[in-house]
Amino acid sequence: MTAARPGPEVPTATYRLQLQPSFPFAAAAAAVPYLASLGVSHLHLSPVLESVPGSTHGYDVVDHTRVREELGGEDGLRALARTAREHGLGLVVDIVPNHMAMAPRYNRALWEVLREGPESPYARWFDIDWEAQGGRVLLPVLGGPVGSELDRLVVDGDVLRYHDHAFPLREGTAGLPLPRLLDAQWYRPVWWRLARTELNYRRFFSISELIGVRVEDPEVFGATHAKILQLLHEGVVDGLRVDHPDGLADPGGYLRRLHEATGGRWTVVEKILADGEHLPADWPVAGTTGYDALRHVDGLFTDRTGAYELLGRYRAFAAPQTDRGGNWDATVRRAAYKVLTHELATETDRLTRVAARLCAASPDPALRDRAPWALRTAVEELLVRMRVYRPYGREDASAVISEQAAEEARLAFVVPEEADAVGIVRRLLVGEPGDASAPDHADRVEFRTRFAQTASALRAKAVEDTAFYRYVPLLSAAEVGGDPGSPGVYPEDFHAYCARVQRDWPATGTVVTTHDTKRSADVRAALAVLTECPDRWAKVLAEVSRAEAGAPDGQLAWAAWQTVFGLGPAEEERVRQALLKHVREAGMYTSWTEQEPSYEEAVAAFLTAGPCGPPGERVAALRKSLEPHIRANVLGTALVQLTMPGVPDVYQGTESEYRALVDPDNRRPVPFPPPVPGEKDALTAAALRLRARRPGAFGTAAAYAPLAADGPAAEHCLAFTRSGEVVTAVTRLSLRLAESGGWRETRLELPPGRWADALAPGREFTGHARVADLLDRFPVALLERSGEG
């Protein structure tokens, strides 16, 4: 590995707090004594810089020079840091380099750009295509075509107002009639529907309210990072989590600059890795935020065979057609086409224009005559075949944009003679600098950069925000970093992953629940049990389907019933909001931009009469009958994450049993301490305190080794040791275990020495331990070496 390794201040474990006006710095400080008692070493704070007033997440930054006043300002943050230090804790904070809020009334840098245009000193901050739209920034804020909204646009001194929006007037334009005034500005308010095809600024994914920032510019980097770097150098903050680096022009270059500026502080990046993909070795970071760990931990408790049986049951139940079928790859591909031609159409247009300029500049007549529509088709066909979020440089591009992908892309052309546009586009991305077919100049650099940025936005929107809501045989597999097409992970694959992490990225982050997960780990743990009893699940669904009044469609019904099974008893409104988001994200019958009231009303009526009504009691009864196996998954997931290689991040409230759905449900404030601590609290505290007590067993120089059980139920025991000092053992697929006769004489060979039970003090084990004895009180065991054997 060539990546620079983090210094000595590597956390042993972090605890994520979701700051918001209802949970400011003072509330976090009040929770510090309790959080310190858990055994974590650092608090992990959501973004702390000034954001849009009322924001519950903080990723819509408006001012990088100030700590957010609604949270208590810089004084409040420094007070929190002092309180944390008094209790032995440090602080890790989220930073958002990729984007800012598209809110001129709060974003003063953007305000100056809209007032002064491309000559503004702040113009270099934002990723704006000044060559498009007549050199004016399109602002998608109007509720209809501009002609119908003129009466609502009001000039107020040197400000143009529209409802709660405010925009600066260009100098000398205040007295002009409104139509002429609009033509004289450096911006143009437009109907929000035009966001799909005409916007000329880079966004976060397809969110028009967030504008891309050019941190590749050293001046912009300095201005947007000065406050965070000051807090780091003054000891207020100790480490960083970098939000969405894949949106940046040059993620590696940015991270190297950040590493140098921070002095090598512990930093993790929110990077989603596909199966088989590895973090770039030259990134000077500790690792990822941990979604790759989530996928491997979840997979351990998923019965791979049962998952495919569940898929068959789903196909029969949902009367499959198009995206309601069971082909994951096809679902992703269709979603990608939809996103490219709708939400990301403007990005595709820009790529096509740059490719056309490159072809026009070529000395090859065949390239100069290449039709723009053929280039656009080639760009689209290559983008939808990307199986990772983005390439990093030419060498990586040649691997992720393979010849096989190019050959498949050529087949999409109706006119075969135009299919060579695929080869042209691929050479623009992977060809050598001197390739005469694509001169190495600014346009080529822009094309490669924009292609990579668009690819990351496409992957996120097509997979996380669309396909995950269309492909629902097993909802627990439709999770950030997951692969619903291959939902299980074999123990040997898990062990191989852990060994690789310990060798290459020992200080990486691990998570199982975050502010972005679609369902909390405990909800997913319950859903995974369904892969062990697909026939029982199908039988119950047949019964409730006869009892309820009828769902709008089978896909929605299946997803709704799984939602209430995984969540357990909950307020109907929480379920309704999550399912409403589900159907809008899926975009099959309604969407955020094209809402279909009759369909959404039918969804609400179905939920009231079915999953949240009397028929839902049958699903609740099934869940109750499976509680021992849900418990095994909940505790097993928690213990594996807390003791596997890497630095575990505990999301707020998840030290207790925590059942939450997609945001905003998972961003609700939680009580500190929990009102009724349970066995998961005890397990979490025991594991975290053990990490703090034996840092050498879990640190960057630690060792990881699988432990193999022997006997008739060996496959149900997943165990490993950390540096010969700690042993973790968990039960996997406990329902299948019970049905096959239990542990019987299955044994686990422990490393030499005497081993104390950290979850049940007073018990010790040596040698070949009977798993039935080891796991008789809990479905998991955490052992600490207590002496020689």
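**Reading helix pairs and residues**

Mentor: The crossing of H2 and H6 is right-handed, where right-handed means that the near helix is turned clockwise from the far one by less than a right angle, and left-handed that it is turned anticlockwise. The model is predicted, so local features need pLDDT of at least 70 and side-chain atom pairs count only at pLDDT 80 or more, while totals for chains, interfaces and linings use all residues. Residues are numbered from 1 along each chain as its sequence is written, and side-chain values use heavy atoms, with hydrogens and water left out.

Trainee: At what angle do H2 and helix H6 pack, and how many Å apart are their axes?

Mentor: Two packed helices are described by the angle between their axes and the distance between those axes. H2 and H6 (residues 218-233) pack at about 30 degrees with axes 12 Å apart; helices are DSSP runs of H or I with at least four residues, strands are E runs of at least two, both numbered from the N terminus, and axes are lines fitted to C-alpha atoms, for helices over the stretch in contact, with angles from 0 to 180 degrees between N-to-C directions. H2 and H6 are therefore roughly parallel (under 35 degrees; over 145 is roughly antiparallel, 65 to 115 roughly perpendicular, the rest oblique). Glu-74, Leu-77 and Arg-78 of H2 make the contact with Lys-227, Gln-230 and Leu-231 of H6, contact meaning heavy atoms within 4.5 Å.

Trainee: How do the residues of the contact of H2 with H6 divide?

Mentor: They divide into two nonpolar, one polar and three charged; Ala, Val, Leu, Ile, Met, Phe, Trp, Tyr, Cys and Pro count as nonpolar, Asp, Glu, Lys and Arg as charged, and the others, Gly among them, as polar.

Trainee: At what angle do helix H8 and helix H18 pack?

Mentor: H8 (residues 291-300) and H18 (residues 491-504) pack at about 155 degrees, with axes 9 Å apart, which makes H8 roughly antiparallel to H18. H8 passes H18 in a left-handed crossing, and the contact involves residues including His-296 and Leu-300 of H8 and Phe-494 and Tyr-497 of H18. The contact residues of H8 with H18 comprise six nonpolar, one polar and two charged.

Trainee: Which residues of helix H3 are buried?

Mentor: Buried means under 20% relative accessible area, exposed over 50%, and partly exposed in between, with a 1.4 Å probe and protein chains only. In H3 (residues 108-116), Ala-109, Leu-110, Trp-111, Glu-112, Val-113 and Leu-114 are buried, and what covers them includes strand S7 (137-142) and strand S13 (207-212). Just after H3, Gly-117 takes a positive phi of about 75 degrees.

Trainee: Does Gly-72 count as buried, partly exposed or exposed, and why?

Mentor: Gly-72 counts as partly exposed because its relative accessibility is 38%, and Gly-72 is found in the loop between strand S4 (61-67) and helix H2 (73-86).

Trainee: Where is the place of Arg-574?

Mentor: Arg-574 is in helix H22 (residues 572-586), and counts as buried because its relative accessibility is 17%. A polar atom of the Arg-574 side chain lies 3.0 Å from the backbone oxygen of Arg-659. Leaving aside residues up to four places away in sequence, Arg-574 touches Leu-567, Arg-659, Ala-660, Leu-661, Asp-665 and Arg-668.

Technical notes:
A polar contact is a pair of N or O atoms within 3.5 Å; within protein, one must be able to donate a hydrogen and the other to accept it, and residues adjacent in sequence count only if both atoms are side-chain atoms.
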